[in-house]
Amino acid sequence: MPLALLGWLGGRLIHDERERVESERAVLYTDLLNTIRSDIVDVVQRWEIEFQRLTESSVGFGTSALRDLARSTPSVECAFRLDETGALVYPNLRETASRFERSFLSATADYWTQGWPFLERDKSSESFYQAAENSGWFVWYWSNGSRFLYWTRLGHGGTFGFEVNRVALLAEIIAELPANTGDTEILPGASVAWVDEVGDVIYRWGGHQPAEFESPVAEVEMPSPMERWRLLYFAREGESPAFLGRANGIRLGAGLGVSALILVALAVYFYRENSRALESARRRVSFVNRVSHELKTPLTNIQLYTELAQRDLESGSENVSDRLGVVVEETQRLGRLIHNVLTFSKADQRGAPVARLEWIPDQIVRGVLETFQPALESAGIEAEFNGNAPAPMRLDRDILEQILGNLIVNVEKYAADGRWLGVSTEQKGSGLRILVSDRGEGIPWRQRRRIFKPFVRLSSRVDEGVSGTGIGLTISRDLARRLGGELKLIRGSHGATFELRL
Amino acid sequence: MIVAERTLSPLAEIEWLKMKTLEINKASWIWALGMGATLVGVNGGWSEQVRLDMSLAHPTLNASEKMTTYLKVGLTGFELESDRERPPVNVAIVLDKSGSMSGEKIVQARDATIQGLRRLGSRDIASVVAYDTNIDVTLPATKLTSMDDAISKVRAIESGGRTALFAGVSRGVGELRKFLDEDRVNRVVLLSDGKANVGPSSPAELGALGGSLTEEGISVSTIGLGLDYNEDLMVQLADRSDGNHYFVESASQLGEIFDREFGDTLSVVAQEVSVTIRLSPGARPVRGLGRDVDIAGQTVRGDISQIYSGQEQYLLLEIEVDPKALGEDRQIASAEVVYANMATNTEDRLSARVSARLSELDDEIEAAVNKDVLVASVMQIAVGSNERAIELRDKGMIEEAERLLLQNRDYLYDNYGALEDESLRRYGEANGASASNLRGGDWVRQRKLDSFRNNSIIKNQGGFLQNSDQKPVDKP
């Protein structure tokens with residue numbers, strides 16, 4: 001009977017796993033494209049910074065100095081300046097124009113009469129005032145290609161800008177995108193193409209030649225000013241997600257093998273511990289599925305980012321420490337997850353040791369917030385801490401950290417769009433009260449008890465890519481109770497607030 | 001400057017003396033410099049400078065009527081004492097390995113590349129990027145400490161695929177940027193046998209890329225192999241970045257061409273040359289001939305990316321002189337040149353002036369003519385006509401193109417009669433040959449040959465492939 005159940009569990013596992021892999025593929029490919037996209041954003045931002053610098057230093061320049069500027073700056077074709085009314089100050093139409101100025105004037109002729117779209121006409125005063133942004137890109141079409149322009153609004157009124165050498169920008173981006181080196185194929189079985197509005201390829205890499213009408217498995221939009229262009233990811237049918245470094249199916253298989261082993265170990269363990277009805281067995285199967293996925297995601301990221309770091313080391317780029325930072329975070333995440341799962345499985349054991357030593361609660365809370373700071377920052381969440389518990393008291397530090405960790409991770413996962421996390425502490429006598437709140441969607445009051453049941457995730461938000469086992473809150477409350485305290489959801493105006501009393 | 005020895009009226013004699021003094025001053029400056037250079041030549045020649053010459057086609061102008069003449073600003077590179085002196089080189093070789101390069105071509109291309117690499121030294125940096133549909137960074141930018149390793153990587157290049165030329169050049173430039181330094185000669189050498197068909201592929205776009213690269217201090221030399229490449233694209237890229245362009249018909253010539261290109265790269269003595277010419281009142285700039293210049297009012301600006309040892313590069317202006325508006329000193333123009341001296345790693349400045357004599361007598365004006373300047377002007381004007389003929393032929397107007405080419409031939413032959421310079425005769429002959437090759441398959445080859453030749457003449461590289469001695473060494 002146990003063997004049959006194991007067999008059945010294994011079969012379900014593989015089936016669900018395959019389904020999951022399919023949907024995860026698209027997510028992973030999109031992630032990979034976004035990584036590339038952010039490299040491109042870096043190049044564009046470098047150029048923007050350079051233009052800002054040039055703008056600042058050329059504020060007082062006259063005609064001949066501006067001409068020299070265009071001649072000696074590779075990224076600039078021609079400079080231009082408008083006064084507060086939007087009228088052209090430089091190039092000066094009354095003076096004889098240089099070659100670059102003439103080319104610029106003829107390519108922009110329409111806009112001098114129609115007005116530039118990035119300046120808006122104030123209906124009341126008949127003068128041009130500028131849109132809310134202080135600077136930006138502008139793209140228009142002339143002759144047989146697109147042209148780029150970068151403008152900055154000047155403090156005293158007026159606008160200063162440059163026509164940008166478009167191909168020089170493209171060339172610089174291409175130089176920083178991946179390419180084969182020697183005989184190493186960087187992306188066998190897949191390829192990435194950068195295409196323009198029409199679908200013509202500007203640059204591509206990877207071993208897979210897409211067929212005539214093959215559609216990409218993922219695509220992202222290029223950053224400004226190239227929004228009309230896209231990055232496309234093509235992969236062979238049935239190809240496992242390849243990475244930008246060396247694709248090695250064996251390593252991925254090993255990773256999966258390891259998680260499979262853990263799965264099997266856990267399955268056996270749970271079956272032996274709980275001989276319940278099929279209902280709870282099914283629940284556990286889905287839990288086991290989720291855990292396997294949970295474990296795989298950080299493993300995938302660790303592998304990906306380590307390989308990216310390897311590549312960066314070879315090319316001398318400076319992103320290595322960022323990449324490794326992600327590896328560290330993912331490793332910690334993995335650790336936390338495993339810790340949670342093991343804690344959950346131990347929960348039935350009575351008399352689990354609880355260490356009570358003297359600690360200052362605020363220090364512990366601060367420490368936890370610091371650990372989570374990078375992750376919170378990258379999720380765009382601002383953390384606010386209001387500490388009023390400076391007196392030492394007897395606590396189990398690990399347990400407190402685990403509870404706080406789970407609560408913060410939940411905010412990260414479910415309430416990131418509130419962009420805020422608030423933690424406050426309070427001491428009354430020998431008691432400690434900690435509030436963890438966010439400004440996300442909030443939790444319906446009716447669900448306030450259900451959320452603490454194991455394996456429950458509120459399905460009001462179908463989060464593709466938000467992983468979770470549904471046991472975080474369960475564990476946290478059990479731990480709190482073990483310390484003689486309580487964890488519950490309290491009423492709040494917006495977002496969710498959890499109260500921990502110890 | 002050529003000065004006529006005749007008896008003169010007292011006023012003219014004073015003029016003559018003034019100008020002679022200027023001339024002597026200038027000559028003595030050059031002479032002193034020459035002496036100085038010789039004296040310290042033993043020490044390694046630290047006082048080497050580029051030589052600046054300003055001359056008029058008509059040093060004696062008409063005293064009563066407006067006259068059109070030509071002003072040449074010539075820069076000649078000094079000789080490098082020894083190989084030790086030459087500036088280190090940072091070169092990226094970008095090779096086409098698309099399907100069309102299969103067979104003999106890719107073999108020759110690899111061999112030529114290896115030959116080029118062997119000419120470099122331990123202070124030099126090289127990289128090799130091969131492109132077909134994708135990019136392959138065969139040899140990332142590196143100091144050539146292990147030549148064997150570099151060579152074996154080049155040998156491994158295989159052909160097949162389409163032609164991502166723009167990406168190849170971009171990547172080559174990226175490799176170059178890793179060690180970009182104004183104390184090095186930074187060069188991309190691009191070989192292609194076909195039309196770019198992946199990525200930006202128009203001559204204008206590649207030209208714009210070339211234009212921006214030259215401002216970074218990078219020149220791209222382009223080698224077109226066979227009859228299928230796009231010569232407009234290759235010429236624009238080289239022209240705008242002030243590199244060289246070559247038309248190579250057979251792969252077996254690749255070795256020789258790479259040799260020439262590397263030879264040039266290894267003999268650069270001055271970079272980032274910026275010339276500003278200020279014309280005096282009475283001398284109106286009409287247009288630039290040959291190299292592109294920027295005319296704004298009475299100021300003319302031109303840039304030359306590099307000057308080679310022992311070779312002259314020049315800017316040529318057509319000007320109209322009104323003798324009544326000239327100043328007392330009869331100054332026509334002054335020039336200021338700033339450049340990076342690659343032997344001393346300094347920024348050097350040069351300046352010069354040129355004045356004219358005035359005469360009522362046609363014979364005097366005639367006799368004083370500076371043949372070198374006139375020959376250069378005639379050649380550049382003829383190039384302009386040849387380019388127009390290509391445009392006509394592109395539009396399908398074969399007869400008009402033929403007529404223009406034959407006219408050009410006659411123009412060159414006539415001037416050859418008067419000025420007796422070989423290059424005029426040869427170019428006249430070439431125009432005649434072009435005129436008879438305007439039809440069918442002949443035109444495909446002829447267009448490439450003409451594009452290459454025109455570009456070479458504009459860039460003062462002689463223009464005749466067969467004669468590798470054809471490097472202009474203009475006599476002072």
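A residue counts as buried when its relative accessible area is under 20%, as exposed when that value is over 50%, and as partly exposed in between (1.4 Å probe, protein chains only). By this definition, 47% of the 502 residues of chain A count as buried. The model is predicted: local features need pLDDT of at least 70, side-chain atom pairs count only at pLDDT 80 or more, and totals for chains, interfaces and linings use all residues. Residues are numbered from 1 along each chain as its sequence is written, chains are lettered from A and ligands numbered from 1 in the order in which they are written, and side-chain values use heavy atoms, with hydrogens and water left out.

**Figure 1. Overview of chain A.** Chain A has 11 helices and 19 strands; helices (H or I, at least four residues) and strands (E, at least two) are DSSP runs, numbered from the N terminus. Of the contacts in chain A with a separation of 6 or more, 65% join residues 24 or more positions apart, where contact means heavy atoms within 4.5 Å.

**Figure 2. Helix 10 and helix 11 of chain B.** Helix 10 (residues 398–419) and helix 11 (residues 422–435) of chain B pack at an angle of about 165°, their axes 8 Å apart. Helix 10 of chain B is therefore roughly antiparallel to helix 11 of chain B. Axes are lines fitted to C-alpha atoms, for helices over the stretch in contact, and angles run from 0 to 180 degrees between N-to-C directions; under 35 degrees counts as roughly parallel, over 145 as roughly antiparallel, 65 to 115 as roughly perpendicular and the rest as oblique. Residues of this contact include B:Leu405, B:Leu412 and B:Tyr416 of helix 10 of chain B, and B:Leu424, B:Tyr427 and B:Gly428 of helix 11 of chain B. They divide into nine nonpolar, six polar and five charged. Here Ala, Val, Leu, Ile, Met, Phe, Trp, Tyr, Cys and Pro count as nonpolar, Asp, Glu, Lys and Arg as charged, and the others, Gly among them, as polar.

**Figure 3. Helix 9 and helix 11 of chain B.** The axes of helix 9 (residues 371–394) of chain B and helix 11 of chain B cross at roughly 10° and come within 10 Å. This makes helix 9 of chain B roughly parallel to helix 11 of chain B. Among the residues that meet are B:Val375 and B:Ala382 in helix 9 of chain B, and B:Leu424 and B:Tyr427 in helix 11 of chain B. By class, the contact has seven nonpolar, three polar and no charged residues.

**Figure 4. The buried face of helix 3 of chain B.** In helix 3 (residues 147–155) of chain B, the buried residues are B:Met147, B:Ala150, B:Ile151 and B:Val154. Seen down the helix axis, they fall within an arc of 95°, so they line one face of the helix. The arc is that of the directions from the helix axis to the C-beta atoms. An α-helix has 3.6 residues a turn, so residues three or four places apart point the same way. The buried residues of helix 3 of chain B pack against helix 2, strand 5 (125–131) and strand 6 (135–143) of chain B.

**Figure 5. Two loops of chain A.** A:Arg419 has a positive phi of about 55° although it is not a glycine. The loop between helix 10 (397–414) and strand 16 (420–428) of chain A holds A:Arg419, which counts as exposed at 52% relative accessibility.
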